[in-house]
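Okay, thanks everyone for coming.

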Amino acid sequence: MKIYNYRNGLVCEDVGVFYRMDSWLWHTLFTSDDPVGKLRSVLNVEDRLHGLPNEELLSPIDKQEVWAAGVTYFKSREARMEESQTAGGGSFYDRVYSAERPELFFKATSHRVVGTGQNVRIRSDGKWNVPEPELTLAITSHGKIFGYTIGNDMSSRDIEGENPLYLPQAKVYDKCCGLGPCILLADSPDYKLAKETEIELDIWRGGVTAFSGKTSVANIKRGFEELAGFLFRDNSFPNGCFLMTGTGIVPPNEFTLQRGDEIRITIAPIGTLVNFVE
Ligand code: DO4
Ligand code: MG
C-alpha cells in the first residue's frame, strides 16, 4: 500500500486500486498502534478513483519533524574524513562509524521540506553542494516504523568539512530536504524492505547525466530499529517523525551541484523523487 499527499487530500493505492482518503487520517497514521490496520479499516469502495488525480502532489509530510542518521555507510565515512581532513575532523567520523551510538541530527521541519517535482536549494554561502539520496523511515509517535519514503538530504560539504560543529548550518536551511513521492506502508507486522533494495541517484545537467551512482540497502551498517531506538531514547514525537538513514552514494570530490540541475533518486518499490536546484 502507498499513500500520497495530494493538494485536495490523501490518496491510498492498494494493489493498483486508488482511494481518496480524509486528511485527518494523516495524524491517525502517525499516532496509531496499528497504522496499516487502521487504514485498511477505512478503505471504502465509494471512495474509489480511476487513477492518481491530476492535482499537485505534495511532500508526504504534515507536522512531523525530519531527523537524519549520518555515517551509516562506509562510503559516507570515507567522504567525511576526506572533506574534514584539514579541520582535524577525520577521526570523529571514523569513530562514529563504529561506535555503539549512531550520529543522529535534526534535519528539517515541514516548512523546509519539498516534494517531488519541486525545487531544493543550495546555500548561498556554500561552494561545494551535493544531494544525499537516503531511504527514509516513517515512524509513529510510539516509535514504530510503519513505512518508507525517499529523502534528499541536501548538504554543503565545504561548510561541514570546515568544522564538524558547522553541521547544522551545512544541513538545515530553507528547501534543504526533499521527501516523496509517497509513503510505502509496511503492509504486515513482519514486513521489512528487502536488504537488496537498490538506491539510485542520477543528476542531469543540460540534458546529459552529470553524475550517476547506485548502492544497496544491504550496505548500511546500522539496523533501522537500532536507529529509531536511539532517536526515541528520552525524546518524544507526538506527531511521529521521519528518519533519513544516511547516504551510501557520494559524487566525486570535484562535483558540486549547479542551478538547474535535476536530481532523481529512485528506490524502485517506492518510486522516484525528482528535485530541481533553484
Ligand atoms: O556527519 C555528517 C553528515 C552525514 C550524513 O548526512 C550522511 O552520512 O548521510
Ligand atoms: Mg545524509
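I'll start with the ligand and then move on to the pocket. Just keep in mind that this is a predicted model.

So, where does ligand 1 sit? The space ligand 1 takes up is the largest cavity. There are 15 residues around ligand 1, and the ones that come nearest are Val71, Ser76, Glu103, Lys171 and Thr247. If you sort that shell by class, you get six charged, five nonpolar and four polar residues.

Which elements build the shell? Strands β6 (65–70) and β7 (103–108), along with helices α3 (74–83) and α6 (167–171), each put in at least two residues.

Now the polar side of things. Lys171 has a polar side-chain atom 2.7 Å from an oxygen atom of ligand 1. For Glu134, a side-chain N or O atom is 2.9 Å from a ligand oxygen. And with Asp153, a polar side-chain atom lies 3.1 Å from an oxygen of ligand 1. How much of the ligand does the protein bury? Taken alone, ligand 1 exposes 280 Å², and 100% of that is buried by the protein.

Okay, on to the second largest pocket, with about 220 Å³ of space. Its lining is Phe92, Tyr93, Arg95, Val96, Glu103, Pro164, Leu165 and Leu167. By class, that's six nonpolar and two charged residues, with no polar ones. Helix α4, residues 90–98, gives the most here, with four residues.

One thing to look at on the screen is Glu103: it's among the residues nearest ligand 1, and Glu103 also lines this second pocket.

Notes: Residues are numbered from 1 along each chain as its sequence is written. Chains are lettered from A and ligands numbered from 1 in the order in which they are written. This is a predicted model: local features need pLDDT of at least 70, side-chain atom pairs count only at pLDDT 80 or more; totals for chains, interfaces and linings use all residues. Side-chain values use heavy atoms; hydrogens and water are left out. A residue is near a molecule or strand if one of its heavy atoms lies within 4 Å of it. A polar contact is a pair of N or O atoms within 3.5 Å; within protein, one must be able to donate a hydrogen and the other to accept it, and residues adjacent in sequence count only if both atoms are side-chain atoms. Accessible areas come from the Shrake-Rupley method with a 1.4 Å probe; for residues, only the protein chains shown count as cover. On a 1 Å grid over the protein atoms alone, a cavity is a set of points where a 1.4 Å probe fits but cannot get out, and a pocket is an open set with protein on both sides within 12 Å along at least five of seven lines; lining residues have an atom within 4 Å of a point. A molecule sits in a cavity or pocket if more than half of its atoms lie within 2 Å of its grid points. Ala, Val, Leu, Ile, Met, Phe, Trp, Tyr, Cys and Pro count as nonpolar, Asp, Glu, Lys and Arg as charged, and the others, Gly among them, as polar. Grid points are joined across faces, edges and corners, and a volume is the space filled by probe spheres set on the points.
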